Amino acid sequence: MNNEALVSVIIPTYKRADGLKEAIQSVLKQTYKKVEIIIIDDNDDESYITKVQDILNDFNDDRIKYYSDKINRGGSGARNLGIDLADGEYITFLDDDDLYLPNKIERQLEHMRNQRIDVSVCDMFFLKKEKFIINNSCYANVLSLTEFIINGNCFTPMIFTTAEALKSVGCFTTISRYQDHTLMLKLLAAGLRVSRLPEQLFIHNFHDGERITFSKKSIEAYRLRQKMEQQYYHLLSPAQKKQYTFKNALMNSKIKRNE
C-alpha cells in the first residue's frame, strides 16, 4: 500500500460558518500532510455563501477544494457529493465547527493498515458550553452489527474508511437525522471489517439542536432508521430482542405524546 496515500476530508457547511476557519486549520495542521479538504457549501442563501467564501479567502492552500451550486442537500446529500468529488483512497469527515487533534488522520491511517481493516472508528472529546464533558457519547461502540443495533454509538467524524468501502454500501442514506448511525449500520451489515481505535482524536462541539426533537422530519428519520434495523432483527439474541423491543416501545410512546 502506498505510504503516501491521499486522504480526503469532507466538511459540509450550512448556516454555521463561525467555526469553519478553525475546523479547516485543524486539518491543515495534521501530522499526516497528504490530504485534500473538500468544503461542500450546502447553503442556498447568498449571504451565507458569501460568509463561507470570505473565510476561504483567508487561506492559500491548494489542498482546499470548494464546491457550491446553491442547492441545500442536507447533511447526507452534502457528504455524498463530497465523496463523489473526492480523489482520496481514504475518506474521513469533519463537521464545520468541530476540531481534529493533530494526529487524528495519522493514527487512524495506522490503525487501518496495522489491523488490515476497512473502517477505523475513533473516540472523541465532548465539548458543551466550553466545558469538556465525559459521557457515553465520547466512546464509539461498533463492536458488531447486533451490538450496534442495541447500544451503538458513532458520530460521523469518528469514521475513517476507504472510498471503496463507502461506495460499496451506497454511501450515506438520505435522512435528516441519524446519518452516522445508518451509515455504520450499512457498513457492519455488509460484513466490512470495522474496528474501534480507543483514542479521543477530535473535539465535538455540542449544540442544543442535537437534542432529540419530535418534528415531522425527525420522526420520519427515526422510522427509517427503525426500518433499516429491523432487517436484522432475526440476528439478535433473545435478550437483545427484549432490549430492542423495549427501546423502540419507549421511543414510540414519546413520539405519540408529541404528535
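Colleague: Why is Lys15 called partly exposed?

Modeller: The relative accessibility of Lys15 is 43%. Buried would require a value under 20%, and exposed a value over 50%. The figure of 43% lies in between, so Lys15 counts as partly exposed. Please bear in mind that this is a predicted model.

Colleague: What makes the phi of Lys15 worth noting, and where does the residue lie?

Modeller: Its phi is positive, about 55 degrees, although Lys15 is not a glycine. Lys15 is placed in the loop that joins E1 to helix H1 (20-28).

Colleague: Which value does phi take in Tyr178, and is that residue buried or exposed?

Modeller: Tyr178 also has a positive phi, near 60 degrees, and is a residue other than glycine. Its relative accessibility is 16%; the cut-off for buried is under 20%, so Tyr178 counts as buried. Tyr178 belongs to the loop between H6 and H7.

Colleague: How do you know that the charged end of Arg177 sits over the ring of Tyr178?

Modeller: The charged end of Arg177 is 5.9 Å from the centre of the Tyr178 ring, and the distance limit is 6 Å. The rule also asks that the charge be within 35 degrees of the ring normal. Arg177 is listed as sitting over the ring of Tyr178. A second case is Arg79, whose charged end sits over the ring of Phe172 at 5.8 Å from its centre.

Colleague: Why is the pair of Phe93 and Phe172 called edge-to-face?

Modeller: The count of aromatic pairs comes to six. One of them joins Phe93 and Phe172, with 5.3 Å centre to centre and 80 degrees between the planes. Phe93 is part of strand E4 (residues 90-93), whereas Phe172 is in the loop between helix H6 (163-168) and helix H7 (179-189), so the pair ties together parts 79 residues apart in sequence. Phe93 and Phe172 are both buried.

Colleague: What makes the pair of Phe126 and Phe206 tilted?

Modeller: For Phe126 and Phe206 the centres are 5.5 Å apart and the planes form an angle of 40 degrees. Under 30 degrees would be stacked and over 60 edge-to-face; 40 degrees is therefore tilted. Strand E6 (residues 119-128) holds Phe126, and the loop between strand E9 (194-205) and helix H8 (216-230) holds Phe206, so parts 80 residues apart in sequence are tied together. Both Phe126 and Phe206 are buried.

Colleague: Why does Ser76 count as buried?

Modeller: Its relative accessibility is 2%, and the cut-off is under 20%, so Ser76 counts as buried. Ser76 is found in helix H3 (residues 74-85). Beyond four places in sequence, its contacts are Phe172, Thr173, Thr174, Ile175 and Gln179.

Colleague: Why is Asn80 counted as buried, and which residues does it contact?

Modeller: Asn80 has 15% relative accessibility, against a cut-off of under 20%, so Asn80 counts as buried. Asn80 also lies in helix H3. Leaving aside neighbours within four places, Asn80 is in contact with Cys171 and Phe172. The C-alpha atoms of Asn80 and Cys171 are separated by 6.3 Å, while the two residues are 91 apart along the chain.

Colleague: What covers the buried residues of H3?

Modeller: The covering elements include strand E1 (7-13), strand E2 (35-41), strand E3 (64-67), E4, H6 and H7.

Colleague: Which residues have the most contacts inside the largest nonpolar core?

Modeller: They are Ile24, Val121 and Met184, in a core of 72 residues. Apart from that core lies another, of seven residues, including Ile175 and Ile219.

Technical notes. Residues are numbered from 1 along each chain as its sequence is written. This is a predicted model: local features need pLDDT of at least 70, side-chain atom pairs count only at pLDDT 80 or more; totals for chains, interfaces and linings use all residues. Side-chain values use heavy atoms; hydrogens and water are left out. Helices (H or I, at least four residues) and strands (E, at least two) are DSSP runs, numbered from the N terminus. Buried means under 20% relative accessible area, exposed over 50%, partly exposed in between (1.4 Å probe, protein chains only). Contact means heavy atoms within 4.5 Å. Rings of Phe, Tyr and Trp (its six-membered ring) pair if their centres lie within 6.5 Å; planes under 30 degrees apart count as stacked, over 60 as edge-to-face and the rest as tilted. A nonpolar core is a set of buried Ala, Val, Leu, Ile, Met, Phe, Trp, Tyr and Cys residues joined through side-chain atoms within 4.5 Å.
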